[in-house]
Structure formats: C-alpha cells, structure tokens
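Here is a brief report on one model.

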Amino acid sequence: MQYVPFGKTGLQVSRLGFGMMRLPVVKAEDGKERIDRGETIRMLRHAIDRGVNYVDTAYGYHHKESEVVTGLALKDGYRERVLLTSKLPQWLVERQSDMDRLLDEQLRKLDVSTLDFYLLHALNGEAFDKLKRLNYPAFLERAKQDGRIRHAGFSFHDDKAAFLRIVDDYDWAMAQIQFNYLDDENQATLEGLLYAQEKGIPVVVMEPLRGGALAEPPEEIRAMMRENGRGWSPVEWAFRYAGDFGNVATILSGMTTMGQVEDNLRVFERIVPGSLDAADHAFLKSVKQAYLSRVKIGCTACNYCQPCPQGVQIPRIFEAYNEAYMLSRPRSLAWEYANIIREQGDGSLCVACGQCESVCPQQLPIIDSLRLIDLEARKA
Ligand code: SF4
Ligand code: SF4
C-alpha cells in the first residue's frame, strides 16, 4: 500500500480508502435487503490488515445501516488503526442544533467517541447557503473543541463556481469530489482540484470508476486498452488516473466483494503520484473522446428549454439517454426514466407545442428525440 501526507493534518493516509456505501447485502426475513454483516466485517478487516487506513461512511448509506456496521467492523482494535470519516446529512438540518443532534446520533451508531473527519455531505451551492445561514463554522469549531471530531471537510456535487466558493469559505482539512478521467471537466473539475491544491486542501476522490461504469467499458474501449502496451485493466487505468495527482490524498472504492478488495489492493501497491507519462495522459484523453463519441444527443444542459409548459424534463431525459449510450448501460436509462415518469416529467407528456425547439441554441429536434427515447426507455 502507498501512503501520502494528508494535507496539513500531519497524518499519513493510504491511497486506497474503503467506501462503506456498496457493501454486500442479503435478503432479510421481511424481504428487504440488509448489509451482509459477516462478509462486510471480513472484507474491511482484511483491507485494514493489508494497509488501508481510511474508512468512509455516512448517515444515509445503506438505509442508515452503514454506520452501525462500520462501527461493528472497527471493534477489536481496528478503530485505532484507521482514520474514520462520516458525514452530516445536511438535508435534514433546519437549525444549528440539528447539526449537534445528528453528529451525536452518528457517534452513538458508530459507537466511537470521535471521528477523524466529519464532512458536510453532498454540498451544492444551495445547501451551502443554508448551512452558512445557520453558521456552520460555529458548529464545526464546537465539535472540534469538545473532541467529537478532529478535522472538518465537505463532500461535493455541483459545478466549479460553487466548489470555489465553498473552498474559500472555511479552513477545510479536505474536500471530497467526484473525479475520474471522464469527469475532469464536470462538477468540481480538474481546475477545482488544482485550486484546492493551491489553498493547501487535499482532495479525497469519490466515484473514481463512475459508479462502476469505467470498470466495464464498451467493447471498442476495451479493445483500445488491450492494444495499449501498458497492459492495465480498465479499473487500473481509472485508479491510476485519479492517483496521479499529488493533491489526491485517498481514492475511495466502494467494494462489494472480497475479490474486488483483493484486486484493489493489488492495483494500489503501485499507485503513486506522477507515475503516468505524457503518452498515458494522451491515451486517456483518446479513451474519453471514444466515450464522448458515443453520446447521441448534443444537449449541453443549458436549460433554456425549461420549464416546459407540460413539465417535460428535457435535459434530464437527454442526459439519461446519453449516459446510457456512452457507458453502454441500457438499464440505467430504464431506471432513471422510471424516476422521471414518477415525477411526471417524461416525454409522453409532450404536446409538440414547439416552444422548446424555438429556444434551443443547439437546434435539437427535441420533439422527435423525446418520442424515440420514450419508446426505448419503456422497452429497456
Ligand atoms: S414541444 Fe413538448 S417538450 Fe417542448 S415545450 Fe412543448 S410540450 Fe414541452
Ligand atoms: S435548450 Fe437544447 S441544449 Fe439546452 S437544455 Fe434544452 S435541449 Fe439541451
């Protein structure tokens, strides 16, 4: 296992972090899925025995069961061997006292007296403004002073402008962002990552495999990787990309099987910053282009077509369609489209009034595309 300094904390962190959000599950007697506790404990302890020292959970993971199981897995002396992170479910916060109440509840569930890192979970610009109004720094300082947390950070899902604004607002110990070779211009972006570096804030990477999609690329991308002289697997390419940046402290992997734990441990024996050369970076750019060339509809998500008088969620539908084609995951379209139908924003509601097409800067044939996608998504 490789280790790097964790920003200004004085800590050393393993470059592979264990994300406790895609754990193995079993069907319980009531028919619902529950975490397979025995297997999870075995997997996490094995990873720690092999050098992983960063464990990431959150209030909401696995229907609120993740923190409990993480606490159990860290009994028998394992807690002392890791840096433990959990996250404030900011969407449940209405007043400052809610933050204290939720943190106390999380410490009880984890059965620990302190967290090494406590993150404001899934911040976007709007959520951040709410926490600012509630004076989140006062809460974080209090929690640090009374020892419930050691360091504070945030995890993030929004655009670069929001990321920079949050980075500048507090003396964060770290920021957790979605980052991989497909997303270097999405969300916080590579520029955001480098900005955090300038400010001395290390980054923890989530979704290095884009929800697992980069581990199972379409055949033409698989072929590109086979022909590349490095001989690395799709997973190794993705981890190596994220791990190449010096400001990336640890890379979270949501492991579901012992096989994945073993595979990740093997790959992370070798992942050190700056190990990719110019040819590797050029290769990954060409892989990204190959993914992007699979995109079917050139929607830029500018939102000019919104709101549609019938409530059709045009950019969201196009995004789901493009993602499914780009990543060769037809079932992801069916799943997201079912959500859109439930929210009454699907393409079948379109009455062909033409309002959206008249304002679309990309001049997309929106009406025909919606019809086609509606048919495909319901079949998928
Ligand atoms: S054409 Fe359809 S999608 Fe476009 S604005 Fe009219 S109802 Fe909405
Ligand atoms: S106006 Fe066109 S490009 Fe913009 S979000 Fe709507 S469909 Fe996409």
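## A loop residue

D76 sits in the loop between α3 (66–73) and β7 (83–88). Helices (H or I, at least four residues) and strands (E, at least two) are DSSP runs, numbered from the N terminus. D76 counts as exposed because 9 other C-beta atoms lie within 10 Å. The cut-offs, with C-beta atoms placed from the backbone, are 20 or more other C-beta atoms within 10 Å for buried, 12 or fewer for exposed, and partly exposed in between. From D76 to S275 is 199 residues in sequence and 37 Å in space, C-alpha to C-alpha.

## Basis of the model

This is a predicted model: local features need pLDDT of at least 70, side-chain atom pairs count only at pLDDT 80 or more, and totals for chains, interfaces and linings use all residues. Residues are numbered from 1 along each chain as its sequence is written, while chains are lettered from A and ligands numbered from 1 in the order in which they are written.

## Strands β10 and β11

Strand β10 (residues 174–178) runs parallel to β11, joined by 4 bridges. Pairing requires at least two DSSP bridges between the strands. A175 stands opposite V203 in β11.

Is β11 (residues 203–206) buried or exposed on its two faces? Both faces are covered. V203 and V205 are buried on one side, V204 and M206 on the other.

## Helices α4 and α6

Helix α4 (residues 96–110) packs on helix α6 (residues 136–145) at an angle of about 35 degrees, with axes 9 Å apart. Axes are lines fitted to C-alpha atoms, for helices over the stretch in contact; angles run from 0 to 180 degrees between N-to-C directions. The crossing is right-handed, meaning that the near helix is turned clockwise from the far one by less than a right angle.

From α4 come Q96, M99, D100 and L103; from α6 come A138, F139 and A143. Contact here means C-beta atoms, placed from the backbone, within 7 Å. The contact residues are 5 nonpolar, 1 polar and 1 charged. Nonpolar covers Ala, Val, Leu, Ile, Met, Phe, Trp, Tyr, Cys and Pro; charged covers Asp, Glu, Lys and Arg; the others, Gly among them, are polar.

## Ligand shells

Ligand 1 has 14 residues around it, with C308, C350, C353, Q355 and C356 nearest. A residue is near if its C-beta atom, placed from the backbone, lies within 6 Å. Helices α15 (355–359) and α16 (366–379) each give two or more residues. The shell holds 11 nonpolar, 3 polar and no charged residues.

Ligand 2 is surrounded by 14 residues, the closest being C299, C302, C305, P315 and C360. Helix α13 (residues 314–326) gives the largest share, 3 residues. The shell around ligand 2 divides into 11 nonpolar, 3 polar and no charged.

Technical notes:
Contact = placed C-beta atoms within 7 Å.
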